[in-house]
Amino acid sequence: MEATQLLPEEMIQHIQSFLDEKEAARTSILSRSWYDAWLTRPNLDFSDFTQWKCLPFLESAFVKSGRKTLQRYEELNLKIQSFKLSLDDSLEWKFDDWKYGELEDTISVAIEWTKKAINLGATHLKIEFLREGGWDVEFLLPREVLESEFLVGLSFYGGTIDAQDHKVSWSRLKSLCLDRVCIQGNTNIWGMISMCPLIEELVLSECNGTCDHNLTGLEYLKVLRLMRVKIGEWLLRDLSSKFPRLKKLTLEHCTGYDEEEIQICSNSLEFMSFLHEGRMKTMVLSFSRMGVSYIYGL
């Protein structure tokens, strides 16, 4: 018997998690144990666009395979750890019959699968809607995600968040990445973040909304990346009191602060990257930790 057949299921699934979806699927032919491990893997990734070649979308191999997989997990009462879903508009350029209804169907499936992932116990979510001009039909992050108390990591690209009628319950969230996300209605993105007391990594890129909320209680934050977002001057002047464990800070083309003079103070910072469009007369940096790596660019 080969050594690969003697590995425990948890180790096999751990190995499969380092492979992309296609490569991991190929390992199922190695032996029955590898096949079973693949069928019950805790990390689901629906990002293989090559399966979208059959229209209409709801009858595509991509949708059929995804629904069959999720149904199997539900019937066997299996739990998952992570769920990734990537959608793009590539079909719109490849097929002349790509219609508005297809976009609606795409969003409907995405919402359905995201809800199922939460119900299956997913603690890490990565949802991506990749399109340069934005989707004609918006993807609204489901209530089940906003109210998930077990969510540890969330990466959301190209969708919409409307939390004004829902309670955000991200008490265990450690990593949050929002990229090109539309914050709808009276939702305060910074108020949402303040509800994440354990957060260690925060990435915001091209999200609407101003950093005018007095963030408190983020004592575990270690990585902060803000790109093309509006921030307030108060955020940078005393990073130590707001984020006492902050080690890496990235600011790229942000607005909302005095563009001629900026003050950044921190006792814990080890790396900082600052990119700014326009002329800045004065930059005051105060770092108590020696050997801080610093990058400044225009």
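This is a predicted model: local features need pLDDT of at least 70, side-chain atom pairs count only at pLDDT 80 or more; totals for chains, interfaces and linings use all residues.
**Overall picture**

The chain has 298 residues, and 44% of them are buried. Its secondary structure comes to 10 helices and 16 strands. Take the contacts between residues at least 6 apart in sequence: 51% of those join residues at least 24 apart.

How confident is the predictor? Average pLDDT for the chain is 79, and 76% of the residues score at least 70. One stretch to treat with care is residues 91-98, where pLDDT stays under 50. For that stretch the model has 13 contacts beyond four places in sequence.

**The core**

The largest nonpolar core holds 68 residues, and the members touching the most others are Phe83, Ile161, Trp170 and Leu226. Helix H6 gives this core its largest share, 6 residues.

H4 runs over residues 61-75. With 15 residues, H4 reaches 21 Å from its first C-alpha to its last, close to the 21 Å expected at 1.5 Å a residue. Which of its residues are buried? In H4 these are Phe62, Val63, Gly66, Thr69, Leu70 and Tyr73. They sit on the same side of H4 because they cover an arc of only 135 degrees around the axis. The background is simple helix geometry: an α-helix has 3.6 residues a turn, so residues three or four places apart point the same way. The face of H4 turned away from the buried side carries Lys64, Lys68 and Glu75, which are exposed.

**Helix H1, for a second look**

| H1 (residues 9-16) | Ile12, Gln13, Gln16 | 95 degrees |

In H1, the buried residues are Ile12, Gln13 and Gln16. Their arc is only 95 degrees, so they lie on the same side of H1. What covers them? Helix H2 (21-26) and helix H3 (32-39) are included in the cover over the buried residues of H1.

**Aromatic rings**

A pair of aromatic rings is described by the distance of the centres and the angle of the planes. The model comes to 5 aromatic pairs. One of them is Phe62 with Trp113, a tilted pair at 5.6 Å centre to centre and 40 degrees between the planes.

Ile118 is found in helix H6. Why does Ile118 count as buried? Its relative accessibility is 14%, and the cut-off for buried is under 20%. Leaving aside neighbours within four places in sequence, Ile118 is in contact with Leu125, Glu144, Val145, Ser148 and Leu151. As for Ser82, its C-alpha is separated from that of Ile118 by 9.5 Å, and the two are 36 residues apart along the chain.

Key:
Residues are numbered from 1 along each chain as its sequence is written. Side-chain values use heavy atoms; hydrogens and water are left out. Rings of Phe, Tyr and Trp (its six-membered ring) pair if their centres lie within 6.5 Å; planes under 30 degrees apart count as stacked, over 60 as edge-to-face and the rest as tilted. Helices (H or I, at least four residues) and strands (E, at least two) are DSSP runs, numbered from the N terminus. pLDDT is the predictor's confidence in each residue, from 0 to 100. Contact means heavy atoms within 4.5 Å. A nonpolar core is a set of buried Ala, Val, Leu, Ile, Met, Phe, Trp, Tyr and Cys residues joined through side-chain atoms within 4.5 Å. Buried means under 20% relative accessible area, exposed over 50%, partly exposed in between (1.4 Å probe, protein chains only). The arc is that of the directions from the helix axis to the C-beta atoms. The expected span of a helix is 1.5 Å times one less than its number of residues.
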